[in-house]
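Here are my notes on the model, point by point. Please read them with the structure open.

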Amino acid sequence: MNLLEIKNLSKTYEDGNKVLKNINLSLETNKIVSVIGKSGEGKTTLLKVINMLESFEEGEIIVDGLKMNESKEINKQIQNKIGLVFQDYNLFPHLTVLDNLNLAQIKVLKKTKSAATNKSIEILDKVGMLEKKDTYPSFLSGGQVQRVAIARALCLDPNILCFDEPTSALDPILTNEVTNLIKQLKNEKRLIFVITHDMNFASQISDEVVFLKEGMIYSHTTIDKILQSEDEEIKEFFNN
């Protein structure tokens with residue numbers, strides 16, 4: 001069974017702009033899928049719809065067998081299956097790294113502080129940030145903040161982990177570190193769903209690539225096939 005299924009999905013904004021048009025995707029676990037395309041083609045909107053940050057008018061989204069918008073209870077179950085690492089990270093500046101991770105578990109999963117702390121320490125160790133557990137976000141580098149944001153999402157044990165432009169604010173060295181970390185996360189029975197403008201990054205991490213154009217899927221194939229494509233539209237995009 002596919003972990004994420006999107007069927008005939010369309011999204012129109014109040015001004016009449018139809019930003020997503022008849023999107024159909026079936027994505028499996030243990031995959032890294034990158035969504036690429038020019039600005040304004042619907043990538044971020046697709047990410048927001050999957051994470052229930054935007055509504056949609058037509059189609060279906062099914063996560064691990066649960067259909068979105070069947071009921072509030074099912075929506076809540078789906079939300080617990082999806083983690084999102086925001087482009088601006090959204091860490092609370094007045095909380096330490098450990099408290100940032102604990103808060104999400106206590107609020108969302110209703111864990112005790114002790115249980116949350118045990119999980120947070122385990123995940124911080126996994127992402128190489130355990131020694132920074134008592135540090136405030138303002139004292140961390142961009143790459144360290146990115147790792148903490150990833151750790152916070154992982155603490156919720158999501159089946160699907162989404163990234164919004166994870167390398168946009170990182171230099172090449174930090175980008176390489178995040179690339180290696182994301183590759184490691186694929187091997188934990190989850191789907192990793194990435195929105196990116198960084199074609200070098202996409203080529204390094206992706207198993208599959210979804211190329212959006214004018215709100216529609218122009219191509220959905222393996223990274224090897226899209227890099228070898230003779231399609232002029234795809235070649236132009238990768239060469240820019």
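1. Leu4 has Leu27 as its bridge partner in strand 2. Strand 2 (residues 18-27) pairs with strand 1 in the antiparallel sense, over six bridges. Two strands are called paired if DSSP finds at least two bridges between them. The hairpin of strand 1 and strand 2 has five residues between the strands, and Gly16 there takes a positive phi near 90 degrees.

2. On the basis of these notes: this is a predicted model, local features need pLDDT of at least 70, side-chain atom pairs count only at pLDDT 80 or more, and totals for chains, interfaces and linings use all residues. Residues are numbered from 1 along each chain as its sequence is written, and side-chain values use heavy atoms, with hydrogens and water left out. Helices (H or I, at least four residues) and strands (E, at least two) are DSSP runs, numbered from the N terminus.

3. Lys11 deserves a look. Lys11 sits in strand 1 (residues 4-12). Its relative accessible area is 4%, so Lys11 is buried. The cut-offs are under 20% for buried and over 50% for exposed, with partly exposed in between (1.4 Å probe, protein chains only). Lys11 touches, among others, Asn17, Val19, Thr45 and Phe56, not counting residues up to four places away in sequence. Contact here means heavy atoms within 4.5 Å. The side chain of Lys11 also reaches the backbone oxygen of Ser55 at 3.1 Å.

4. Which residue forms a salt bridge with Lys11 at 3.6 Å between the closest N and O atoms? The partner is Glu54. The pair links distant parts of the chain, 43 residues apart: Lys11 is in strand 1, and Glu54 is in the loop between helix 1 (43-50) and strand 4 (58-63). Glu54 is partly exposed, with a relative accessible area of 22%. Glu57 joins Lys11 and Glu54 in a network of salt bridges.

5. The salt bridge count comes to 11. The rule asks for a side-chain nitrogen of Lys or Arg within 4 Å of a carboxyl oxygen of Asp or Glu. Lys119 and Asp157 form one of them, with the closest N and O atoms 3.1 Å apart. This pair too links distant parts of the chain: Lys119 in helix 4, Asp157 in the loop between helix 5 and strand 7, 38 residues apart. Lys119 is buried at 15% relative accessible area, whereas Asp157 is partly exposed at 43%. Lys67 and Glu70 form another, at 4.0 Å. Lys67 is partly exposed at 30%, and Glu70 is exposed at 51%.

6. Six strands form an open sheet of mixed pairing, in the order 6-7-8-3-9-10. Strand 6 (82-85) and strand 10 (216-222) are at the edges with a single partner strand each, so one side of each has no neighbour in the sheet. Strand 9 (residues 208-213) and strand 10 pair in the antiparallel sense over six bridges. Within that pair, Lys213 stands opposite Met216.

7. Helix 3 (residues 97-108) has 12 residues and should span 16 Å at 1.5 Å a residue; its end C-alpha atoms are 17 Å apart, which agrees. The expected span is 1.5 Å times one less than the number of residues. Its buried residues include Val97, Leu101 and Ala104. The buried residues of helix 3 pack against helix 4 (113-126) and helix 5. Just after helix 3, Lys110 takes a positive phi of about 60 degrees.

Definitions and conventions
Polar contact = N/O pair within 3.5 Å; in protein donor to acceptor, adjacent residues only side chain to side chain.
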